[in-house]
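This briefing walks through a protein structure topic by topic. Keep the sequence and the 3D view open while reading.

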Amino acid sequence: MQDYKDSMLNFVAQFGKHLKGDDKDSLLQPDREYSIDELARATGTTSRNIRAYQEKGILPPPKLRGRKGIYSNMHYSRLRLISDLLERGYTLSTIADLLNALEEGLDLRAFVGVESALTSPWTDETPVVMSIQELYAMFNNKVEMSSINKVLELDLVRFEEDMQHVQVRSMRTMRAGAELVSAGIPFDALLDIIQMLRGNVERVAGELVKLVSNHVLKDYEKDVIPPNEDLPALADLIWRLRPLAEMAVHAELARAMEKAANHFLGDRLETIIKGMEKEKQSGGEE
């Protein structure tokens, strides 16, 4: 069993580079030995973290040579994987469960397929960097400084380090906002609508994911990683959920906009039409 664990961790060391897209140190020197400080430097962590990982049971203790602890490439491999998973948002508790599952035979490639389906961006947009002056120009300089805090709170933009440029998170949202402001809608009122929309959409998204969790994943015990043979189907389900959710939200928003437009603008449109008819009749009488 120990041979299997070591071979799995060596595989993780090679495969782990794909988690970060980093080929550095992909080929480990055979049978290399490290002191705790050397291992910390090699893996970009600290001696304190290494000891903490050992206390939590996610890193095996070193071999003792006299009173000195000797670490190996197996420890290096596991620390690289722990670092990758921490960067991707996993907790130490979840990492412990995952490492145990790996040692028991979890197919890491299949697991990463599910993880990729969950964590890959759900939009094809990429943030755009522009100067603050360019952003103001988009809105014809109708943005008040008092509105900037709310823009930041909504994560519509993020300041770059030079504080002279901003990273626009969604140019589609920003362009739509600029069009509405140019049509006469106050910028602050538009921010209120975006905040309201986000709250409603997040609630719907939460309920939709809860449905999948309660009905599709009901056969799996909570906090237990599904068996290897089920992981590809789960990844496929998550990928298919993305466009389905987008289509459903788009269709319902279109229906709601049509209903709202008829309700709020119908009377005004009718008044405009009647006014046009009166002008036409008055012109005919002359």
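**Helix 4 and its buried side**

In helix 4 (residues 47-55), the buried residues are Ser47, Ile50 and Tyr53. They line one face of the helix, because their directions fall within an arc of 120 degrees when seen down the axis of helix 4. The model is a predicted one.

- An α-helix has 3.6 residues a turn, so residues three or four places apart point the same way.
- Which exposed residues sit on the face of helix 4 turned away from its buried side? That face carries Arg48 and Glu55.
- The buried residues of helix 4 have packing partners in helix 3 (36-43), helix 5 (73-87) and helix 6 (92-103).
- After helix 4 comes Gly57, and its phi is positive, near 80 degrees.

**The protein as a whole**

- The protein contains 12 helices and five strands.
- It has 286 residues, and 30% of them count as buried.
- Its accessible surface is about 19500 Å², and carbon and sulfur atoms account for 55% of that surface.
- Take the contacts between residues at least 6 apart in sequence: 66% of these join residues at least 24 apart.

**Nonpolar cores**

- In soluble globular proteins, nonpolar side chains tend to be buried together.
- The largest nonpolar core in this model has 30 residues. Leu39, Ile50, Leu99, Leu106 and Leu231 have the most contacts inside this core.
- At least two residues of this core come from each of helix 3, helix 4, helix 5, helix 6, helix 7 (108-119) and helix 12 (231-285).
- Which helix supplies the largest share of this core? Helix 6 does, with six residues.
- There is also a second, separate core of 20 residues, and among its members are Tyr136, Met174, Val181 and Leu191.

- Three strands make up an open sheet, in the order 3-5-4, with antiparallel pairing.
- Which strands are at the edges? They are strand 3 (128-131) and strand 4 (157-159), each of which pairs on one side only.
- From one strand to the next, the twist averages 30 degrees.
- Strand 3 and strand 5 run antiparallel and are joined by four bridges. In this pairing, Val128 has Val168 of strand 5 as its bridge partner.
- Strand 4 pairs with strand 5 (residues 165-168) over three bridges, also in the antiparallel sense.
- Phe159 stands opposite Val166 of strand 5, and Arg158 stands opposite Gln167 of strand 5.
- In a regular strand the side chains alternate between the two faces of the sheet.
- The hairpin of strand 4 and strand 5 has five residues between the strands, and Met163 in this hairpin takes a positive phi near 60 degrees.

**The loop between helix 8 and helix 9**

- Phe139 lies in the loop between helix 8 and helix 9. Is Phe139 buried or exposed? Its relative accessibility is 3%, so Phe139 counts as buried.
- Leaving out residues up to four places away in sequence, Phe139 touches Met174, Gly177, Ala178, Val181 and Phe187. Met174 and Val181 are also among the residues of the second core.
- Phe139 and Phe187 are 48 residues apart in sequence, while their C-alpha atoms are 8.5 Å apart in space.
- Asn140 is in this loop as well. Its phi is positive, about 55 degrees, although Asn140 is not a glycine.
- Asn141 is not a glycine either, and its phi is positive, near 60 degrees. At 58% relative accessibility, Asn141 counts as exposed.
- Ser147 is located in the loop between helix 8 (132-138) and helix 9 (148-153). Ser147 has a relative accessible area of 3%, so it is buried.
- What does Ser147 touch, not counting residues up to four places away in sequence? Its contacts are Phe187, Asp188 and Leu191. Phe187 is touched by Phe139 and by Ser147.

Definitions and conventions:
Residues are numbered from 1 along each chain as its sequence is written. This is a predicted model: local features need pLDDT of at least 70, side-chain atom pairs count only at pLDDT 80 or more; totals for chains, interfaces and linings use all residues. Side-chain values use heavy atoms; hydrogens and water are left out. Buried means under 20% relative accessible area, exposed over 50%, partly exposed in between (1.4 Å probe, protein chains only). Contact means heavy atoms within 4.5 Å. Accessible areas come from the Shrake-Rupley method with a 1.4 Å probe; for residues, only the protein chains shown count as cover. Two strands pair if DSSP finds at least two bridges between them. Axes are lines fitted to C-alpha atoms, for helices over the stretch in contact, and angles run from 0 to 180 degrees between N-to-C directions. The arc is that of the directions from the helix axis to the C-beta atoms. A nonpolar core is a set of buried Ala, Val, Leu, Ile, Met, Phe, Trp, Tyr and Cys residues joined through side-chain atoms within 4.5 Å.
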